[in-house]
Amino acid sequence: METNEEIEKEDLENIEENSENKIQKLEAELEEWKNSYTRKLAEFQNFTKRKESEVAEMKKYASEGIIVKLLDNIDNLERALAASKENQNFDSLIEGVSMILNSLKNLMVEEGVIEIEAEGKEYDPYEHKAMTTENKEELEDNVIVQVFQKGYKMKGKVIRPAMVTVNKK
């Protein structure tokens with residue numbers, strides 16, 4: 001018959017053995033988690049580098065579409081100049097340049113660019129840049145009298161404010 005000491009000794013050995021097994025299992029699981037984390041981190045770093053490279057490539061060629069459209073207008077301007085040199089016809093030159101200007105304006109609209117209305121409108125510091133002031137009694141205060149340079153918005157954002165003269169009484 002086993003004594004209490006022997007039973008306690010066996011219990012302690014079983015507890016130690018179970019503890020050792022649990023520690024080994026936990027260490028193996030921890031190692032597995034470390035390896036998994038390292039792989040995922042490497043995958044994420046590769047993904048990040050790939051995305052940065054793709055974004056850089058997109059930025060590099062982002063304006064390609066608009067440039068191709070502008071090239072058509074440059075070709076037309078060159079043809080208009082060549083034709084006017086040959087014919088010495090000022091009226092046809094004006095007509096050709098006018099057609100190209102309309103084409104460029106249409107291109108701007110297609111790209112979401114619109115002209116900021118200014119002359120006769122109330123001065124808005126977000127859309128207009130006051131260059132000078134005038135005192136015209138027949139006009140209201142803060143009304144734009146003259147536009148020196150047109151302003152433009154692209155998809156609602158001012159990309160160039162209009163340079164204007166503002167009426168100040």
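Which residues line the largest pocket? The close-ups below, all taken from a predicted model, start there.

**View 1. The lining of the largest pocket.** Welcome to the largest pocket, which holds about 190 Å³ of space. Its lining is made up of Leu101, Leu104, Lys105, Met108, Val109, Val113, Ile114, Glu115 and Tyr152. Helix α3 (90–110) and strand β1 (113–115) each supply at least two of the lining residues. The biggest share comes from α3, which gives 5 residues to the lining.

View 2. Lysine 69 sits in helix α2 (residues 64–87) and glutamate 110 in helix α3, so the pair ties together parts that lie 41 residues apart in sequence. In total, the structure holds 7 salt bridges.

View 3. Our last stop is a negative surface patch formed by Glu5, Glu8, Glu10, Asp11, Glu13, Glu16, Glu17, Glu20 and Glu27. To get your bearings, find glutamate 17, one of the patch residues, in helix α1, which spans residues 4–60.

Key:
Residues are numbered from 1 along each chain as its sequence is written. This is a predicted model: local features need pLDDT of at least 70, side-chain atom pairs count only at pLDDT 80 or more; totals for chains, interfaces and linings use all residues. Side-chain values use heavy atoms; hydrogens and water are left out. Patches are made of residues with over 30% relative accessible area and no salt bridge: like charges are joined within 9 Å, nonpolar side chains (Val, Leu, Ile, Met, Phe, Trp, Tyr) within 5 Å. Accessible areas come from the Shrake-Rupley method with a 1.4 Å probe; for residues, only the protein chains shown count as cover. A salt bridge is a side-chain nitrogen of Lys or Arg within 4 Å of a carboxyl oxygen of Asp or Glu. Lys and Arg count as positive and Asp and Glu as negative; His and the chain ends are not counted. The place of a charge is taken as NZ of Lys, CZ of Arg, CG of Asp or CD of Glu. Helices (H or I, at least four residues) and strands (E, at least two) are DSSP runs, numbered from the N terminus. On a 1 Å grid over the protein atoms alone, a cavity is a set of points where a 1.4 Å probe fits but cannot get out, and a pocket is an open set with protein on both sides within 12 Å along at least five of seven lines; lining residues have an atom within 4 Å of a point. Grid points are joined across faces, edges and corners, and a volume is the space filled by probe spheres set on the points.
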